[in-house]
Amino acid sequence: MKSKLREFEDLILNIPETSELKGSLRDAINQTDIRVEDKRRLHMHISQCNTINDLQRLFYNALLKYEGQGVIA
């Protein structure tokens, strides 16, 4: 099963600025049909990320979770 987050992978990998990437991740999450509680949790995690690497790791962990290969709860 492919997550709808997969559609945003190229966008996420090509944004060089941390604050811009945070905004793009939030927009991507809001466009999916993820449960509201999970969206809220992801937004909280995004706020705690300080680097692009942190944000990309969060994105891929979420991607794996929603594709059934979960790394985060």
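In this predicted model, E9 counts as buried because its relative accessibility is 19%, and a residue is called buried when that value is under 20%. The residue sits in helix α1, and, once its neighbours within four places in sequence are left aside, E9 is in contact with F59 and Y60. One of these two partners, F59, is itself listed among the buried residues of helix α4, and α1 (9–13) is included in what covers the buried residues of that helix.

**Helix α4 and its cover**

Helix α4 runs over residues 52–66, which gives it 15 residues, and the distance from its first C-alpha to its last is 21 Å, close to the 21 Å expected at 1.5 Å a residue. Which residues of α4 are buried? They are I52, L55, Q56, L58, F59, N61, A62, L63 and Y66.

Just after α4, G68 takes a positive phi of about 85°. This glycine belongs to the segment after α4 and is exposed, because its relative accessible area is 61% and the word applies to values over 50%. In sequence G68 and S3 are 65 residues apart, yet from C-alpha to C-alpha they are 8.9 Å apart in space.

**How the helices pack**

| Helix pair | Angle between axes | Axis separation |
|---|---|---|
| α2 and α3 | roughly 175° | within 10 Å |
| α3 and α4 | about 160° | 10 Å |
| α2 and α4 | about 20° | 9 Å |

For the pair α2 and α3, the axes come within 10 Å and cross at roughly 175°, which means that α2 is roughly antiparallel to α3. The residues that make this contact are K22, L25, R26, I29 and N30 on the side of α2, and K39, L42, H43, I46 and S47 on the side of α3. Sorted by class, the residues of this contact divide into 4 nonpolar, 3 polar and 3 charged.

The helices α3 and α4 pack at an angle of about 160° with their axes 10 Å apart, so α3 is roughly antiparallel to α4. The crossing in which α3 passes α4 is right-handed. From α3 the contact takes in D38, R41, L42, H45 and I46, and from α4 it takes in L55, L58, A62, K65 and Y66. In this contact of α3 with α4 there are 6 nonpolar residues, 1 polar residue and 3 charged residues.

What direction does α2 take relative to α4, roughly parallel or roughly antiparallel? The two helices pack at an angle of about 20°, with their axes 9 Å apart, and therefore α2 is roughly parallel to α4. Here α2 passes α4 in a left-handed crossing. The residues T18, L21, K22 and L25 in α2 meet I52, L55, Q56 and F59 in α4, and the classes in this contact are 5 nonpolar, 2 polar and 1 charged.

**Two residues of α2**

L25, which is placed in helix α2, counts as buried because its relative accessibility is 3%. Not counting residues up to four places away in sequence, L25 touches I12, I46, L55 and F59. Of these partners, I46 is among the α3 residues in the contact of α2 with α3, while L55 and F59 are among the α4 residues that α2 meets. L25 and L58 are 33 residues apart in sequence, and their C-alpha atoms are 9.6 Å apart in space.

G23 also lies in helix α2, but its relative accessibility of 27% is the reason why it counts as partly exposed. The C-alpha atoms of G23 and L55, which are 32 residues apart along the chain, are separated by 11 Å.

Technical notes
Residues numbered from 1 in each chain as written. Predicted model: local features only at pLDDT ≥ 70, side-chain atom pairs only at ≥ 80, totals over all residues. Heavy atoms only, no water. Helix = DSSP H or I, 4+ residues; strand = E, 2+ residues; numbered from the N terminus. Expected span 1.5 Å × (residues − 1). Buried < 20%, exposed > 50% of the residue type's maximum accessible area, 1.4 Å probe, protein only. Contact = heavy atoms within 4.5 Å. Axes fitted to C-alpha atoms, helices over the stretch in contact; angles between N-to-C directions. Parallel < 35°, antiparallel > 145°, perpendicular 65-115°, else oblique. Nonpolar A, V, L, I, M, F, W, Y, C, P; charged D, E, K, R; others polar. Left-handed = near helix turned anticlockwise from the far one by under 90°.
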